[in-house]
Amino acid sequence: MSREDQGHGEELRTAFLRHLPQRLRTLLRRARRQCRDGWDINALILLQREFATLADAAGRYGLLEIGTPLAALEAALAPYAGAGQLPDAAASAVLEPQLDALREQIEDAELIAAAAPAQAAGRRAQLRSSASAAPADGYARMDVPPSGYWRTLGLEDAPAAAAESRAGGAGSAADAEGSAPSSAPIAAVQPAAAAAPVAGPRVALLAAGDAHAAALRERLQARGCVVQSLPDAEATIEALAEQLPVLLLVAPSQQATLEALAGELRELRGHAQRFSVLALLEHDELAARLRALRAGADHCISVAGGLTQALALIDELLKGDAEEPYRVLIIEDDESQALFAESVLRKAGMLARMVTEPLAALDELERFKPDLILMDLNMPGADGLELTALIRERDAFVTTPIVFLSGDPDDERQFAALDAGGDDFITKPVRPKHLIAAVANRVRRARLAAKRRGAARPAPQTSGLVERTELLDRLQERLATGASARLHGGLLLLEVNDARALRERIGMTAYDALIAQVGSWVAGQVEAHELVARFGDAGLLLLAPERDEEPLAAFAQTLAARIGHERFGGHALALSLAGGACGLACGLTDAGALLAAAERALEGGRREGGVGRYAQLAGNRTLGQQLRSGLDGDGLYLVYQPLAPVSAGPAEAQYQALLRLRDEKGQIVTAAMLVPEAIRSGLIGELDRWVLGRCLATLAARERMGQPVRLFASQALATASDNARAEWLRQGVRDARLPPGRLVLEFRCDEARDQQRTLIDLALALHDIGIGLALSGVGREAILSGLLEQLPLDYVKLAPELARDDGVADLVARAHAAGRRVIAPRIEDAGSAVALCAAGVDYLQGNFVQQPGQSLDYDFSAGQL
């Protein structure tokens, strides 16, 4: 093993030892609770795996006395975990002495952890000593390691301190201990007068055998960065727990590791000090980007064409971290509320200033120059809507983010606030963590956008084209100035017809020059205040601030007619154009949505052989067509709502997976509309399979992170009972390595009543796979008729109207007598929650517990409701 590998291994060992005592205490506490309160199969499997992991690590680092009781506990639990059985009271009693043996090792682990830093320093000194000794092969000894050597080990202070000690500096550790100063002429190699270099930004590089890792590390070190190499997930968790970097880089070969780290990254980002995660991708593919972003990456960039663009983005991120603190102006007439927000933001490292007189804030804007304005909605003198309009009239603050913080529950009022020019709306009361995240994310994006605009505008391209990012930023600015329905202007997307055949005919180099020439020609036809940018392989994008959709489409027709008389490229080619126009007043409020609308209009233009208009297409696509597009693309997504336990005891994390679709207008369509439409359109089979595929992927990712959850997924009985679907599910559960009970399929009671035999056969097949079964919409009649006793169910979800039924307690008791756990859904208020808790239900679900969201962050460890 090389000295570099030895040093890196020593760092990992020290980090492991530092966290070992707490990990042992946590495992011991969980195991004793299971022995005392009764075992749960999921907790059993998780404990057995964690005992095995720690025992293996302890053996790897030479901690045999600690590893022995861990291995014994793992061996004791393995038979039960393998057979899916639970230890009884006698077996739990046998485990107690083994747990006592583990408890006795915690004190030893603490002593070893306390001594680890000094031992690590001693081993590093041995490495340096061996490095300076004359080798047998005759190479000259090296008193000082090569430049950047210690950074590859993630070390900063120890080498500097060691150099100071070797130089015999005043007050050094060697002098204090009475050691004789070194007689080696170190000063001749490294002058004593030279100050130790100031450590640059700390960058963690997750890479193991990656082709780009060495080159990337070398270039970052040349920029003055302290680079710490991390080989795997375990080393990354330990290193991040020790010290957060400014930036975590994930090499292309480590994307699966990033997904496994998603939960840890989310937890670490609860710290006030934020760090960014940049995923380097082998290829610039949308699916790869989505995977990385869902796993916790903040940015993604392809390295297929080299590291130049990646390094430019890294420089941008590192400079952004060194910027001055975020400046937030708080406009709130209630002084206590203003002081609360100011205190929270200041503790997060921001510069916050509060103003309690709304109109006085206009003068404070010029003095304070905030990055973001945090504003109440209902204030005397001038409310938030009026004040937003006054702020947006000032050119310097047209793009400054405005976030409303208000307790106003009126949805229409909240929409009016956003329509008036606000960027976000946060409802009081707000958790400090939520407030900090909302403010920091808005400011970070605003600063990045301003930086990119500043970089793009001073040096326009000689072709007359601008960068696409600049055009889209300018579009977003325009949308932020007010209600979209009152905006003038439009977006035009042009495309050269038969581009693929043209490229194959003349070659890629000539083709690219040809499209650039077409772009210059189009840029010469537009007004001075209009922007033109390249878009895709054969497209051009035009932002016209004063042309609405109809005149913009007419202009596109003119361009299509004119270009037929022109000749382009060395081959003097005649070209034709298709176009799609979308007006800014179409009702869409996001640049991405407008761009998608222009692309839809372009599709219409291709079909018609001319120019398409979004206004003529909008609303023509049915919900079924949008659902079809969602299944083919990324319009569909899942949100999750927790099922909170009512009684005390070990709380398992479990969520209902809820289907959502973002339609062409940017509105959210729920499952209540999607499922009936899917049935009418014949898409219910594909839709149910899509939901199950996403659930299996989520469950597998959580298992890899060691943060298992249970997911409930609604399904149609007709599609789930298909034999091919059952086999597909079996393979999916096997591939995801899911323990029994992680996935629960939920069917409607009205379906079950009509198809009892089908559901019974399906339940037997599902239980054989390890999938649970739930019945939703269960009312009084279904319970009294004995339906629950006839069906092999695991869970019963009550019909919402039973929350107001005086006899609900008797109905819950009958369900319990049949061995079913009872879920009360759609709980919206405290009164319903209290009544159903008193009735004896097992779980509550609804907005009263938590609104649906895309993160699985409900705190199940808090205990009962």
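What is the volume of the second largest pocket? In this predicted model, the second largest pocket has a volume of about 1000 Å³.

**Figure 1. Lining of the second largest pocket, with 37 residues.** Leu658, Ala671, Ser714, Glu746 and Arg826 are the lining residues that lie nearest the centre of the pocket. Strand E18 (residues 654–662) supplies the largest share of the lining, namely five residues. Sorted by class, the lining holds 19 nonpolar, 10 polar and eight charged residues.

**Figure 2. Open sheet of five strands in the order E12-E13-E11-E14-E15.** The pairing in this sheet is mixed. Strand E12 (531–535) and strand E15 (611–613) stand at the edges with a single partner strand each, so one side of each has no neighbour in the sheet. From one strand to the next, the twist averages 20°. Strand E14 (residues 577–583) and E15 run parallel and are joined by three bridges. In this pair of strands, Ala581 stands opposite Arg613 in E15.

**Figure 3. Open sheet of five strands in the order E2-E1-E3-E4-E5.** The pairing in this sheet is parallel. Strand E2 (226–230) and strand E5 (299–302) are the edge strands, and each pairs on one side only. Neighbouring strands are turned against each other by 20° on average, direction ignored. Four bridges link strand E3 (residues 247–250) to strand E4 (residues 276–281), and these two strands run parallel. Leu249 stands opposite Leu278 in E4. Helix H13 (residues 286–294) lies across E4 and E5 and runs at about 150° to E5.

**Figure 4. Residues 1–5 and residues 127–142, where pLDDT stays under 50.** Over the chain, pLDDT averages 78, and 81% of the residues score at least 70. For residues 1–5, the model has eight contacts beyond four places in sequence. For residues 127–142, the model has 15 contacts beyond four places in sequence.

Definitions and conventions
Residues are numbered from 1 along each chain as its sequence is written. This is a predicted model: local features need pLDDT of at least 70, side-chain atom pairs count only at pLDDT 80 or more; totals for chains, interfaces and linings use all residues. Side-chain values use heavy atoms; hydrogens and water are left out. pLDDT is the predictor's confidence in each residue, from 0 to 100. Contact means heavy atoms within 4.5 Å. On a 1 Å grid over the protein atoms alone, a cavity is a set of points where a 1.4 Å probe fits but cannot get out, and a pocket is an open set with protein on both sides within 12 Å along at least five of seven lines; lining residues have an atom within 4 Å of a point. Grid points are joined across faces, edges and corners, and a volume is the space filled by probe spheres set on the points. Ala, Val, Leu, Ile, Met, Phe, Trp, Tyr, Cys and Pro count as nonpolar, Asp, Glu, Lys and Arg as charged, and the others, Gly among them, as polar. Two strands pair if DSSP finds at least two bridges between them. Axes are lines fitted to C-alpha atoms, for helices over the stretch in contact, and angles run from 0 to 180 degrees between N-to-C directions.
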